[in-house]
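Here are some notes to keep beside you on a first look through this one. Have the viewer open and follow along point by point.

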Amino acid sequence: MFCPKCGSQLADDAKFCGACGAQIQAPANTTPAPGAAPAPIPGPAPTSNPSPVPGPVPTQSSGSSFTPSPISSGSSLGSLAGSLGGILPLARIIVGAVLVICFFLPMYGLYGIAEVSPMQMTFGLDVFGQHVDGSIKNLYYLIPGIVTLAATFLYQGREANIAPLLAGVLGLIFIFITMEDGVSILFGGWLFIIACIAGIAIGALQTFAGRK
């Protein structure tokens, strides 16, 4: 080692400098004693992970339970009939009146040469100056309208509801059994068909409404 004052070279175990007489301090012993464990290196402080605060658990009362209601087409028809409850009786009267009026309107075209109504088919008509006799059985065209109107004014409840439905079905049967080659449906016939379908719809809706 060297003297810290004059820089002379000295022995490692010298306590005084031989040149200037300065006292030499022993170097600090930085070597750890054998068997001593090194001091742990401090690391970053661990962060605490707070546990989630439990919230209120939803409870179900013993007296209440949730049951999904089934969806059915009958309920939707019933609700529709209920919302139209004040209109359907008036519509039934209109349908019956239209069915009766159609008896006097041209319903069929015969081979492109004549247009006939159920009334003419019943009491006859003149074609090219010749009278063609009718058939009294054609009065059945009045049945749907008369049944619908009579049920409206004479009956209440189920009978009044089913009557326009049955009358509409009968009317459709009547108009199509007359169809044959050379016979076409005219305005009166299409109006008759529409009224029959409307009567069927009204009767079905009122029947569903009456069952609720």
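The points below go from the whole chain down to single residues.

1. First things first: this is a predicted model. The chain has six helices and five strands. Reading from the N terminus, the order of elements is α-α-β-β-α-β-β-α-α-β-α.

2. A few totals for the chain. It has 212 residues, and 28% of them count as buried. The exposed surface comes to about 14700 Å², with carbon and sulfur atoms supplying 66% of it. Looking at contacts with a separation of 6 or more, 55% are between residues 24 or more positions apart.

3. Now the inside. In soluble globular proteins, nonpolar side chains tend to be buried together. Here the largest nonpolar core holds 24 residues, and the members that touch the most others are Leu 99, Met 107, Tyr 108, Tyr 141, Ile 175 and Phe 192. Two or more residues each come from helix 2 (88-101), strand 3 (125-127), helix 5, strand 5 (183-185) and helix 6 (187-211). Helix 6 is the top contributor, giving six residues.

4. Leaving aside residues up to four places away in sequence, Leu 99 touches Tyr 141, Pro 144, Gly 145, Thr 148, Phe 192, Ala 195 and Cys 196. There is also a second, separate core of five residues, with Cys 3, Leu 10, Cys 17 and Ala 22 among them.

5. Next, a helix pair. Helix 4 (residues 143-154) and helix 5 pack with their axes 8 Å apart, at an angle of about 175°. An angle over 145 degrees counts as roughly antiparallel, so that is how helix 4 and helix 5 run relative to each other. On the helix 4 side, the contact uses Ile 143, Pro 144, Val 147, Thr 148 and Ala 151. Helix 5 brings Glu 159, Ala 160, Ala 163, Pro 164, Ala 167, Gly 171 and Phe 174. By type, the residues of this contact are nine nonpolar, two polar and one charged.

6. Stay with helix 5 and look at Ala 160, which lies in it. Is Ala 160 buried or exposed? Its relative accessible area is 2%, so it is buried. Setting aside residues up to four places away in sequence, Ala 160 touches Arg 92, Ala 151, Tyr 155 and Gln 206. Gln 206 is 46 residues away along the chain, yet the two C-alpha atoms are separated by 8.8 Å.

7. Asn 161 is also in helix 5, which spans residues 158-177. Its relative accessibility of 14% is under the 20% cut-off, so Asn 161 counts as buried. With residues up to four places away in sequence left out, Asn 161 touches Arg 92, Gly 203, Gln 206 and Thr 207.

8. Then Ile 162, another helix 5 residue. Ile 162 has a relative accessible area of 28%, so it is partly exposed.

9. Last, a loop residue. Where does Ser 117 sit? It is in the loop between strand 2 (114-116) and helix 3 (118-123). Ser 117 is buried, at 3% relative accessible area. Not counting residues up to four places away in sequence, Ser 117 touches Phe 103, Phe 104, Leu 105, Pro 106 and Met 107. Met 107 is one of the residues with the most partners in the largest nonpolar core.

Technical notes: Residues numbered from 1 in each chain as written. Predicted model: local features only at pLDDT ≥ 70, side-chain atom pairs only at ≥ 80, totals over all residues. Heavy atoms only, no water. Helix = DSSP H or I, 4+ residues; strand = E, 2+ residues; numbered from the N terminus. Buried < 20%, exposed > 50% of the residue type's maximum accessible area, 1.4 Å probe, protein only. Contact = heavy atoms within 4.5 Å. Core = buried A, V, L, I, M, F, W, Y, C linked by side-chain atoms within 4.5 Å. Areas by Shrake-Rupley, 256 points an atom, 1.4 Å probe, with all protein chains shown as cover. Axes fitted to C-alpha atoms, helices over the stretch in contact; angles between N-to-C directions. Parallel < 35°, antiparallel > 145°, perpendicular 65-115°, else oblique. Nonpolar A, V, L, I, M, F, W, Y, C, P; charged D, E, K, R; others polar.
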